[in-house]
Amino acid sequence: MGRPDGGPGRPVPGPGLTRRGFLTRTIGAGLAAGSLGSLLDACGPVTAATGQPRHLPLPRPNAPVTWPVFGTNEPIKSGLLPERHATLRIFNWVSYVSQQCLDDFARKYHCQVELTTFSTMTEAVSKLTSGQVRADVFMGVTVDVVGKIVEQ
């Protein structure tokens, strides 16, 4: 039997990374990096077959995107006084904002705060687009669904 410390010239086994583990991870990372170009190509702005956008474009300072303003959703006029005793409807992730925060806001701005929650972004989009939820503020929306929600 060998020595408990692995014997002369052998590393002591421990919780750290072994040479074999290091080589395995390094080779795996190299293979993954080699296929990264293909993965990023798949995220490109148009499909090769149709030339149509794969998704709605994201607005950027050097490439603004304009979405339509519908007659049922006109901009708020300037110079209006703040509403009092109104209800602010917030749509947010489950357990994302404390009730104390909502209560403090309602007290400070003399309004009611109505919170509706969702557990997944798919659920949120479904509730909004079906009309099941009408919200003044949609908190926690992810950038990949903003265009989809605006369009619908």
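A residue is called buried when its relative accessible area is under 20%, exposed when that area is over 50%, and partly exposed in between, as computed with a 1.4 Å probe on protein chains only. The model is predicted, so local features need a pLDDT of at least 70 and side-chain atom pairs count only at pLDDT 80 or more, while totals for chains, interfaces and linings use all residues. Residues are numbered from 1 along each chain as its sequence is written, and side-chain values use heavy atoms, with hydrogens and water left out.

**Aromatic pairs**

Rings of Phe, Tyr and Trp (its six-membered ring) form a pair if their centres lie within 6.5 Å; planes under 30 degrees apart are stacked, over 60 edge-to-face, and the rest tilted. By this rule there are five aromatic pairs. One of them joins Phe91 and Phe118, a tilted pair with 4.7 Å centre to centre and 55 degrees between the planes. Because Phe91 belongs to strand 1 (residues 87-93) and Phe118 to strand 2 (residues 112-118), the pair ties together parts that are 27 residues apart in sequence. Helices (H or I, at least four residues) and strands (E, at least two) are DSSP runs, numbered from the N terminus.

Phe118 also pairs with Phe138: the ring centres are 5.7 Å apart and the planes stand at 80 degrees, so this pair is edge-to-face. Here Phe118 in strand 2 is linked with Phe138 in strand 3 (residues 137-138), 20 residues apart. Phe91, Trp93, Phe118 and Phe138 form one aromatic cluster.

How accessible are the rings' residues? The values for Phe91, Phe118 and Phe138 are tabulated here.

| Residue | Relative accessible area | Class |
|---|---|---|
| Phe91 | 0% | buried |
| Phe118 | 0% | buried |
| Phe138 | 22% | partly exposed |

**Nonpolar core**

A nonpolar core is a set of buried Ala, Val, Leu, Ile, Met, Phe, Trp, Tyr and Cys residues joined through side-chain atoms within 4.5 Å. The largest one has nine residues, including Phe91, Phe118, Met121, Val125 and Ile149. Helix 4 (121-130) and helix 5 (143-151) are the elements that give two or more residues to this core, and helix 4 gives the most, with four. Ile149 is in contact (heavy atoms within 4.5 Å) with Val125, Leu128, Phe138 and Val141, residues up to four places away in sequence not being counted.

**Pockets**

On a 1 Å grid over the protein atoms alone, where a 1.4 Å probe fits, a pocket is an open set of points with protein on both sides within 12 Å along at least five of seven lines, and lining residues have an atom within 4 Å of a point. The largest pocket holds about 850 Å³ of space, a volume being the space filled by probe spheres set on the points. Its lining has 22 residues, of which Asn73, Leu128, Ala135, Ile149 and Gln152 lie nearest the centre. Helix 4, strand 3 and helix 5 each supply at least two residues of that lining.

The second largest pocket has a volume of about 290 Å³. Among the residues that line this pocket are Pro82, Arg84, Thr87, Phe105, Tyr109 and Asp136. Strand 1 and helix 3 (99-109) are the elements that give two or more residues to the lining of the second largest pocket.

**An exposed loop residue**

Tyr96 is found in the loop between strand 1 and helix 3 and, at 56% relative accessibility, counts as exposed. The C-alpha atoms of Tyr96 and Thr117 are separated by 8.9 Å, although the two residues are 21 residues apart along the chain.
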